[in-house]
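Subject: Structure for you to look at

Hello,

Here is the structure I said I would pass on. Please open it and keep it in view while you read the notes that follow.

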Amino acid sequence: MHFAIVNNQRTPPSPNLSGTCPVCERDMIARCGSVRVHHWAHRGKRVCDNWWEPETEWHRNWKNHFAPDWQEVIGHDQHGEKHIADVRTPNGISIEFQYSHLRPEERAAREAFHPNLAWVVSGTRLTRDFPRFTKGKSEFFATRFQGVYSCYFPEEIFPKEWVSSSVPVFFDFREMDSTNPSDINRELLWCLLPGRLSPRPLCLLSTARTSSGGHRPIR
Ligand SMILES: [Zn+2]
């Protein structure tokens, strides 16, 4: 996690700092080594949110596009279950950033838990993902809505674990260690919209630009 409670304040990690977990209120220690991104960890191997995954630079960069107060917001359901949303905006939109593989049942559970969820996922986790998308993109056709496209076989174009998502999925095609970040084909965020136009398996897509302004928080 990027925030623990220190003197009643949400606080980022710094060397030798101790704090408490905002979810379970147990002790946390700041890990500020040189290998992983600086983070807070529970003492021992305890993890109180079983959906939480170790953060990469990719996660942290994405979260830092948003105001600190919007990051790592704890959500509750009616059964008392708690999970941390990577980002929750004041008007109730949740955003989860996912780089690693996620099992379909876990994806569905998170979609049911977080209100108004959108995913931002890596489009380059497997080496074939971006070439497949680039090739498949030629089959998109325009709809009557500007910037919205459709295609017949989304499972042949996008990483298949995301095709049946019930919420919007934004694909980030920039590479984790990109040496050419200005590649325009990778800078565009493509959003796969949920649902299909029946009777054919037509999907809808829309685009957005990734921010080119570094880590300026969005407010
Ligand atoms: Zn905890």
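Glu106 counts as buried, because its relative accessibility is 17% and the cut-off for buried is under 20%. Please keep in mind that this is a predicted model.

Glu106 forms a salt bridge with Arg103, and the closest N and O atoms of the two are 3.5 Å apart. Arg103 also meets Glu105 in a salt bridge, side chain to side chain, at 2.6 Å from N to O. In general, side chains of opposite charge can pair when their charged atoms come close.

These contacts belong to a network of salt bridges that links Glu53, Glu96, Arg103, Glu105, Glu106 and Arg110. Across the whole structure, a search finds 11 salt bridges. One of the salt bridges joins the side chains of Lys63 and Glu72, at 2.8 Å from N to O. Are Lys63 and Glu72 buried or exposed? Both residues are buried.

The other thing to look at is the metal site. Which residues coordinate the zinc ion? They are Cys21, Cys24 and Cys48, each through SG, and His42 through NE2, at 2.0 to 2.2 Å. The angles among the four donor atoms run from 103 to 117 degrees, and the site is tetrahedral. That label applies because all angles of a four-donor site have to lie between 85 and 135 degrees. Along the chain, the donors of the zinc ion follow the spacing C-x2-C-x17-H-x5-C.

Cys21 sits in the loop between strand S3 (18-20) and strand S4 (27-31), while Cys48 sits in the loop between strand S5 (39-42) and helix H1 (57-63), so this pair ties together parts that are 27 residues apart in sequence. Cys21 is buried, with a relative accessible area of 1%. Cys48 is partly exposed, with a relative accessible area of 22%.

If you want a place to begin, find the zinc ion and its four donor atoms, then go to Arg103 and follow the salt bridge network from there.

Regards

Conventions:
Residues are numbered from 1 along each chain as its sequence is written. This is a predicted model: local features need pLDDT of at least 70, side-chain atom pairs count only at pLDDT 80 or more; totals for chains, interfaces and linings use all residues. Side-chain values use heavy atoms; hydrogens and water are left out. Donors are N, O and S atoms within 2.8 Å of the metal (3.2 Å for Na, K and Ca); water is not among the atoms, so sites may look incomplete. Four donors count as tetrahedral if all angles lie between 85 and 135 degrees; four count as square planar and six as octahedral if opposite donors are over 155 degrees apart and all others between 65 and 115; anything else is irregular. Helices (H or I, at least four residues) and strands (E, at least two) are DSSP runs, numbered from the N terminus. Buried means under 20% relative accessible area, exposed over 50%, partly exposed in between (1.4 Å probe, protein chains only). A salt bridge is a side-chain nitrogen of Lys or Arg within 4 Å of a carboxyl oxygen of Asp or Glu.
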